[in-house]
Amino acid sequence: MIERRFTRIQTELPGPESAKVFATKAQYVAAPLETYAPFIVKQSEGAIIEDLDGNKFLDFSGGWGCLAVGQRNHRVVDALKDQIDGYLHTDFTAVPYAPFIELAEILCQHTAIEGSVKAAFFNSGAEAVENAVKIARAYTKRKSVLVFENAFHGRTLLAMTMTHKAKPYKYGFGPFAPDVYRLPYPYEYRKTITADEIEQSLLSLVDPSEVAAMVVEPIIGEGGFLVPPAWFLPAMRELADKYGFVLVMDEVQSGIGRTGKFFAYEHFNIEPDLICVAKSLGSGLPLSGVVGKAEIMDSPVGSAIGGTYAGNPLACRAAIEVIKTLDEENLLERAEHVGNRIKDHFNRLAERFDVIGDVRGIGAMVGMEIIKDRDSKTPDKELTGKVAGTALRNGAIFPTAGLSGNVLRVLVPLVITDEQIDEGMCILEDAFEQALQ
Ligand code: PLP
């Protein structure tokens, strides 16, 4: 029995008001833009979403990991209102503005990179990844890019090429960008590999003197919430140093406090050369960035990087408040607490339901792998969809992930309360019971 304090399901889903909007969507919005939730949002606060029909949901997806400080965080909202009264847009490279520069300063100070660090801002995660590669190519005067199995880096041509999963992300969209090479990844629940095997794979694919950059998610997000073993990132740092290429951390999903440190790479005792950020940085406003060693960041020629809306003033004002909120409201500690509480619930569920094969994650980046049985470990995409779908219709939004679509993950706002977590977990437990009936 779910004791509801934060959620409320009072209509069929979609309810009548949402259904009207969905009918218009079917007529006018391009079909590939499928939507996950069977309702239309009316308003949202913290980790709660209310739909047009008065139903209320706990949002463990956090706008796909964009809302570390919560929906409509009051500091972000106040800064945006203030910015609207000043100016909306100039294009930073036409008429510069201070919030872009202030954000660059704060973000650089939050990296654990020694020496001079600089930043550049863009609009989306994919754009940050594309620009990190451009910057690395300009710096090394080399062309090739190394990526990993299970990686997700975005949907533009180069980022899509760098992404692993074929369907839906790449299907029908070739030809892809050249000079991208995929290396094996230590997916500990399913296969172990060594640093030497990764190096041998690299050497068999491309001459390392042609490699500009290795791009890696310190914890793989979309590809299934994979936490690498402790040796992995230090070994990749060694390869980058040995062969002279740039080591880029794609922290689009794992960064900005989600794992209990400002950047996830800080858990692994390494220093990257460049870092890609997006998602929670803008708290829902389109904003991404590349931040890293100044000598690398400075290497493209003047005006070679940028974009009309890159580092929009509203988004920069929001991001400054996001970082200050993380610092001043101890949200990194909170991420750890939230993650531990969710992990405890997940482990409890794994004791009850043997279709849960693995529970993993760092900080509040927690996921579970759903399988047919613990001997074969065969991924069960259908059951994962059923569990997530049942939970969704019952008031809790959980995104899925993984090459096989069998990982249930949590990208919840870090400001979620313990009571809200517990209610969400009751809904999830109930969803397992129903799906397994
Ligand atoms: N890189 C990672 C690790 C991501 O998780 C994502 C999006 O999920 C991207 C890049 C692409 O970001 P965007 O969708 O903002 O282009």
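## Reading salt bridges and a domain interface

Mentor: Start with a cluster: a network of salt bridges links Arg237, Asp241, Glu271, Asp273 and Lys293. The model is predicted.

Trainee: How many salt bridges does the structure hold?

Mentor: First the general idea. Side chains of opposite charge can pair when their charged atoms come close. In this structure, 28 salt bridges are found. Let's take a few of them.

Trainee: Which residue does aspartate 273 meet in a salt bridge?

Mentor: Aspartate 273 meets lysine 293, with N and O 2.8 Å apart. Aspartate 273 sits in the loop between strand S8 (246-250) and strand S9 (274-277), and lysine 293 sits in strand S10 (residues 288-293), so the pair ties together parts that are 20 residues apart in sequence.

Trainee: Are aspartate 273 and lysine 293 buried or exposed?

Mentor: Both aspartate 273 and lysine 293 are buried. To read that, use the cut-off: buried means under 20% relative accessible area. Both also belong to the network we began with.

Trainee: What about glutamate 45 and arginine 72?

Mentor: Their side chains meet in a salt bridge too, at 2.8 Å from N to O. Now place them along the chain. Glutamate 45 is in strand S1 (residues 41-45), while arginine 72 is in the loop between helix H2 (62-65) and helix H3 (74-84). They are 27 residues apart, and the pair links distant parts of the chain.

Trainee: What relative accessible area does glutamate 45 have?

Mentor: Glutamate 45 has 46%, so it counts as partly exposed. Arginine 72 is partly exposed as well, at 44% relative accessibility.

Trainee: Which residue pairs with arginine 75 in a salt bridge?

Mentor: Arginine 75 pairs with glutamate 321, at 3.3 Å from N to O.

Trainee: How do I read the buried residues of H3?

Mentor: An α-helix has 3.6 residues a turn, so residues three or four places apart point the same way. Now find the buried residues of H3: Arg75, Val76, Val77, Ala79, Leu80 and Gln83. They pack against helix H4 (98-109) and H10.

Trainee: What happens at the start of H3?

Mentor: Find asparagine 73 there. One of its side-chain oxygens comes within 2.9 Å of the backbone nitrogen of arginine 75.

Trainee: Now the domains. How is the chain divided?

Mentor: Domain 1 covers 75-328 and domain 2 covers 330-380. Their centres, taken over C-alpha atoms, are 26 Å apart. The contact takes 24 residues from domain 1 and 18 residues from domain 2.

Trainee: How much area do domain 1 and domain 2 bury between them?

Mentor: About 1700 Å², with 61% of it on carbon and sulfur atoms. In domain 1, the residues that lose the most area to domain 2 are Tyr189, Arg190 and Phe225. Together they make up 39% of what that side buries.

Trainee: How many salt bridges cross the interface of domain 1 and domain 2?

Mentor: One salt bridge is found across that interface. Look at glutamate 369 and arginine 190: they form a salt bridge, and their closest N and O atoms are 2.6 Å apart.

Trainee: How many residue pairs are in polar contact across the interface?

Mentor: Nine residue pairs are in polar contact there.

Definitions and conventions. Residues are numbered from 1 along each chain as its sequence is written. This is a predicted model: local features need pLDDT of at least 70, side-chain atom pairs count only at pLDDT 80 or more; totals for chains, interfaces and linings use all residues. Side-chain values use heavy atoms; hydrogens and water are left out. A salt bridge is a side-chain nitrogen of Lys or Arg within 4 Å of a carboxyl oxygen of Asp or Glu. Helices (H or I, at least four residues) and strands (E, at least two) are DSSP runs, numbered from the N terminus. Buried means under 20% relative accessible area, exposed over 50%, partly exposed in between (1.4 Å probe, protein chains only). Domain bounds come from an automatic or database domain assignment. Contact means heavy atoms within 4.5 Å. Buried area is the accessible area (1.4 Å probe) that two parts lose on being put together, summed over both. A polar contact is a pair of N or O atoms within 3.5 Å; within protein, one must be able to donate a hydrogen and the other to accept it, and residues adjacent in sequence count only if both atoms are side-chain atoms.
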